[in-house]
Amino acid sequence: MATVSFSYRSKKDTAFLEARLSYRVQGNPNPLSFYTRSKIEVSKEFWKDYAKGVKFKDVTKNNLKKKIETDTHDIRTYVINEFEKTDLSQIDKEWFKTTIKHYYNPPQTETENKAPEGLVSYIDFYIKQKRDGLSKAQLTKWGVIKNKMQRFEHSTGQQILFKNINEDFLREFSEYYKAEKYSK
């Protein structure tokens, strides 16, 4: 069984906590341990009190304690789950560093980042990517454009693919707009 613990291993007044992965291999009386930095930053004084189990009366320190407990619990859970999925022969310091790195920056699958080939599905992709930077009016505008494109696809019976957008498409699309009496 593996364990993940955290410690303050720095001479600085404020530093990131060190995460330690320890586990035993059958036949070896000593546990194997690997260290790497987490992104949990605390002061040396706070960590001393936290490690002693001091009950904080200060709201700021109490909130920090709760945040540290949540963060360390989440990291422990993630690392232990990854540990259980991995063959023991592959677990080393680099594996531990990579696991912590993936905890903070989960690798995205290609399908999440890859832009769709269809125009209508691309509009959804675009909105999802830019959601924080779009105003309510812009979201509405993109919704209207998407609905018009869906009606055009329905009338032609074909999905609009980027690779098929050319002069013929432009001509067909203009005729559709005129027939539906949309403004140019």
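Reply: The axes of H6 and H7 come within 11 Å and cross at roughly 105°. Axes here are lines fitted to C-alpha atoms, for helices over the stretch in contact, and angles run from 0 to 180 degrees between N-to-C directions. H6 and H7 are therefore roughly perpendicular to each other (under 35 degrees is roughly parallel, over 145 roughly antiparallel, 65 to 115 roughly perpendicular, the rest oblique). Helices (H or I, at least four residues) and strands (E, at least two) are DSSP runs, numbered from the N terminus.

This is a predicted model: local features need pLDDT of at least 70, side-chain atom pairs count only at pLDDT 80 or more, and totals for chains, interfaces and linings use all residues. Residues are numbered from 1 along each chain as its sequence is written, and side-chain values use heavy atoms, with hydrogens and water left out.

Now the contact itself (heavy atoms within 4.5 Å). From H6 come Lys148, Met149, Arg151, Phe152, Ser155 and Thr156. They meet Phe169, Glu172, Phe173, Tyr176 and Tyr177 of H7. By class, that contact has 6 nonpolar, 2 polar and 3 charged residues. Ala, Val, Leu, Ile, Met, Phe, Trp, Tyr, Cys and Pro count as nonpolar, Asp, Glu, Lys and Arg as charged, and the others, Gly among them, as polar.

Next, the largest pocket. Its volume is about 160 Å³. The elements giving two or more residues to its lining are helix H6 (136-156) and helix H7 (167-180). H7 supplies the largest share, 3 residues. The lining includes Phe152, Thr156, Phe169 and Glu172. Those four also belong to the H6 and H7 contact. Gln158, Gln159, Ile160, Leu161, Asn164, Ile165 and Asp168 line the pocket too. By class, the lining has 5 nonpolar, 4 polar and 2 charged residues.

The pocket terms are grid-based. On a 1 Å grid over the protein atoms alone, a pocket is an open set of points where a 1.4 Å probe fits, with protein on both sides within 12 Å along at least five of seven lines; lining residues have an atom within 4 Å of a point. Grid points are joined across faces, edges and corners, and a volume is the space filled by probe spheres set on the points.

As for the setting, the chain has 7 helices and 3 strands. From the N terminus on, they run β-β-β-α-α-α-α-α-α-α. The C-alpha trace spans about 80 × 45 × 25 Å along its principal axes.
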